[in-house]
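Subject: Structure handover

Hi there,

Here is the structure I promised to pass on. Could you open it next to this email while you read?

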Amino acid sequence: MKPILQLYRGYANEEELIVMGHVFRRTYDYDFQKKNFKNATSIINQFRIKTLKNFDVYLKCDNQEIHTKTLDDGYFKFCIPLEKETHFGWIEYEVSIKLEGEIITEKGSYIRPHKGKLGIISDIDDTFLISHTQNFFRKIYILLFKNVNDRKVFKDVVPHYQALSSAGRHNKEEENAFFYISSSEWNLYRFIVKFTKIHHLPRAVILLKDIKRGITDFFMSGHGNHDHKFDKIKHVLEFYPNLKYVLLGDDSQHDPILYERICKIFPVTVKAVYIRQTGKNQKEATKTILKNLENLEVSVCYYRDSSEAIMHSKSIGII
C-alpha cells in the first residue's frame, strides 16, 4: 500500500518559511455526500488512520531540495530560513516522499502576507462553526450525523470575517494574515477546509492539535489540555511581531482565559478581543476577564450576534 502525503497551509515572514504535513500509512477519504450514516463512517474513519514515523520527506524550495523525517506521529514540519525576497500572497510549495524508486509529490500553499497592519486569529467551534461544544452528546451527534454541507455558520459571521480579511487593503488580491487555531485535531483538517470554502470564509492558515490515531480518541476530540492553542497563538504573534491582532473566540471553553494570558504577555500587540456568547446568559467569569482586558486598553466585545461584532469593529475603526 502506497504511503499518503497530506500537506497543510504554511506561512512565511521576511526571514523564515514554515510548512507542515503528515505521512500516513493508511487514511480514509472523507465522504462529502449527504448520506447520514456515510458521514458518521467518514468522521470515525478520520480517527482510524495509521501514520509513518521517521519517514523521509523532501521539500523543494528555491531550487534546492531539503530533507527531513517525520516525527513519531507521522507529522513533519520544515522551518526554513529564507535567503532571498519571495513574492507576497499565497505561494505554492512542493513536498515529495520516495518509496522503492517511486516519487510521490504533493503541492501545498503558504502565505506571505503583504506588509500590513492587521493579523486575525479565530477559534473554530462555536466561534464561526455551530458545534454545541458545551453539550457533549449533541456535539457528537452533530459531528457524526450532520454532513459538512449541512453544518451551519452563525448569522453574519461571514461578512465580519471577510471585512477583517480585507481591512486596510485597497487591492483585492491582498489579504491580512488570517489563522484558524483550534483544539480540534489534524484529523478534521479536510473537513474544516471544505467547510470554510463552502461558506466563503477567508482562506486561512489552520493550526490544529496533534493527530489522534484511535476511535476512542474520537470521543475526546477537542477536549483535554488547551495549552497547545496558547502556544500556537503566542508563536504567531512572535512570528509576525509588527502586526496588531484581533482575537476571536467564544465562552464555551477556555478562549477568554487563553486570550487574557496572551494580552498580558503582548500588551501592545492585541487590538481587540471578540468573545461569542454561546448560552442564554453572559458568563460572569468571562465578563470579569474582558473588564480586565479593557484595563489593558484592549478593545473588547462580548456578543451574541455577529451583527454586534461588525458594529463594534466599525466603531473602533478596524473595518
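Below are some notes on the sheet, the pockets and a cavity.

First, the ground rules. This is a predicted model, in which local features need pLDDT of at least 70 and side-chain atom pairs count only at pLDDT 80 or more, while totals for chains, interfaces and linings use all residues. Residues are numbered from 1 along each chain as its sequence is written, and side-chain values use heavy atoms, with hydrogens and water left out.

**The sheet**

Six strands make up an open, parallel sheet, in the order β12-β11-β10-β13-β14-β15. The edges are taken by β12 (205–209) and β15 (299–303), each with a single partner strand, so one side of each has no neighbour in the sheet. From one strand to the next, the twist averages 15° (axes are lines fitted to C-alpha atoms, for helices over the stretch in contact, and angles run from 0 to 180 degrees between N-to-C directions). Strands (E, at least two residues) and helices (H or I, at least four) are DSSP runs numbered from the N terminus, and two strands pair if DSSP finds at least two bridges between them.

Strand β10 (residues 118–122) is joined to the parallel strand β11 (residues 177–185) by four bridges; Ile-120 has Phe-178 of β11 as its bridge partner. Four bridges also join β11 to β12, again running parallel, and here Glu-185 is partnered by Lys-209 in β12.

How many of the residues of β12 are buried? Five of its five are, so to speak mostly covered (buried means under 20% relative accessible area, exposed over 50%, partly exposed in between, with a 1.4 Å probe and protein chains only). In β11 you will find Ala-177, which is buried with a relative accessible area of 2%.

**Pockets and cavities**

Both were found on a 1 Å grid over the protein atoms alone: in a cavity a 1.4 Å probe fits but cannot get out, while a pocket is an open set of points with protein on both sides within 12 Å along at least five of seven lines, and lining residues have an atom within 4 Å of a point. Grid points are joined across faces, edges and corners, and a volume is the space filled by probe spheres set on the points.

The largest pocket has a volume of about 340 Å³. Its lining has 17 residues, and Gln-6, Leu-7, Glu-106, Lys-107 and Tyr-189 are the closest to its centre. The largest share, five residues, comes from β9. By class, the lining divides into eight nonpolar, three polar and six charged residues (Ala, Val, Leu, Ile, Met, Phe, Trp, Tyr, Cys and Pro count as nonpolar, Asp, Glu, Lys and Arg as charged, and the others, Gly among them, as polar).

The second largest pocket, at about 290 Å³, is also lined by 17 residues, with Lys-60, Cys-61, Asp-62, Glu-92 and Tyr-110 nearest its centre. Strand β8 gives the largest share of this lining, four residues.

There are two cavities of 30 Å³ or more.

Happy browsing!
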